[in-house]
Amino acid sequence: MNYKDLFDEKAKAAAFDKIASNYYECNFGTMPKTELELLMFSIYADQVLANDKSGLENYSDYRLSKALGITQQRISGLKIKKQLKYPVENFNWVSEFYKITGNARYEDGKIKIYIPDPNVYIELKNFIESKGGYVDISLNPKLLQIPPEYFLWLLLEICPEEKKDGLEKAIREQFRKSKVDVEDFAPMTFKKLLKEKGPELLGDVAEASIPVVGGLIGNVIKTVSGSAKK
């Protein structure tokens, strides 16, 4: 996280070019301080991500806050502004979401997932709402809370295309074992079934999905299914 460790000579030259383009092209002094700070943060954040492929630890609000000497709240705000003006190259909120799905829990009738990256939270929230769903806003801006019927639907929506047919088949088979017949996988269908059968159905369906999706999605399904059955 140290500046000298993060930037080699090539990275320093590239960073200077980005700054110089805002000062040495007949535009000296026209860049507002807030915009310069955003650019400086973007350059630093990109370098952190380039040096930490996982991007999960060193890119956290806490680590960036300690390194730059500003509050975590300000770091979070800068991340959002950065993504709008200087987006992270090849940013994919679905793959980033997969990385933190192990945080998911089933509590108080909701699926709760702690999402440290505000941009992943924003994209996920927008995706759910654009499909007619909703998320519950909590005092913790990083805690996503969604009804279980939308979790099942979300699982199908973001599942890799090559696994989607197999996942739908596994869910239908589990419904059949539970003596449930469904024509579609709409959230309201799931809601009706969960109301009739209880949260145990969520656990059964989730467990049946693990062999199909595997990997990171399988881990969160295993966690959620265990919580639901309890």
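Reply: Phe-16 counts as partly exposed, at 47% relative accessibility. Keep in mind that this is a predicted model.

Me: Where is Phe-16 placed?

Reply: Phe-16 is in helix 2, residues 9-20.

Me: Which residues form a nonpolar patch on the surface?

Reply: Phe-16, Tyr-24 and Phe-28 form the patch, with about 410 Å² of accessible area together.

Me: Is Tyr-24 buried or exposed?

Reply: Tyr-24 is exposed, because its relative accessible area is 56% and the cut-off for exposed is over 50%.

Me: How many aromatic pairs are there?

Reply: The count is 4 aromatic pairs. One of them is Phe-16 with Tyr-24, a tilted pair at 6.3 Å centre to centre with 50 degrees between the planes. Trp-93 and Phe-127 also form a tilted pair, at 5.4 Å centre to centre and 50 degrees between the planes.

Me: Which helices does the pair of Trp-93 and Phe-127 link?

Reply: Trp-93 is in helix 6 (residues 93-99) and Phe-127 is in helix 7 (residues 118-130), 34 residues apart. Trp-93 is buried at 14% relative accessible area, and Phe-127 is buried at 18%.

Me: New topic. Why does Asp-61 count as buried?

Reply: Asp-61 has 4% relative accessibility, and buried means under 20%, so Asp-61 counts as buried. Asp-61 is found in helix 4, residues 61-68.

Me: What does the Asp-61 side chain make polar contacts with?

Reply: The side chain of Lys-79, at 2.7 Å, and the side chain of Lys-142, at 2.7 Å. Leaving out residues up to four places away in sequence, Asp-61 also touches others, including Gln-72, Ile-75, Ser-76 and Pro-116.

Notes: Residues are numbered from 1 along each chain as its sequence is written. This is a predicted model: local features need pLDDT of at least 70, side-chain atom pairs count only at pLDDT 80 or more; totals for chains, interfaces and linings use all residues. Side-chain values use heavy atoms; hydrogens and water are left out. Helices (H or I, at least four residues) and strands (E, at least two) are DSSP runs, numbered from the N terminus. Buried means under 20% relative accessible area, exposed over 50%, partly exposed in between (1.4 Å probe, protein chains only). A polar contact is a pair of N or O atoms within 3.5 Å; within protein, one must be able to donate a hydrogen and the other to accept it, and residues adjacent in sequence count only if both atoms are side-chain atoms. Contact means heavy atoms within 4.5 Å. Patches are made of residues with over 30% relative accessible area and no salt bridge: like charges are joined within 9 Å, nonpolar side chains (Val, Leu, Ile, Met, Phe, Trp, Tyr) within 5 Å. Accessible areas come from the Shrake-Rupley method with a 1.4 Å probe; for residues, only the protein chains shown count as cover. A salt bridge is a side-chain nitrogen of Lys or Arg within 4 Å of a carboxyl oxygen of Asp or Glu. Rings of Phe, Tyr and Trp (its six-membered ring) pair if their centres lie within 6.5 Å; planes under 30 degrees apart count as stacked, over 60 as edge-to-face and the rest as tilted.
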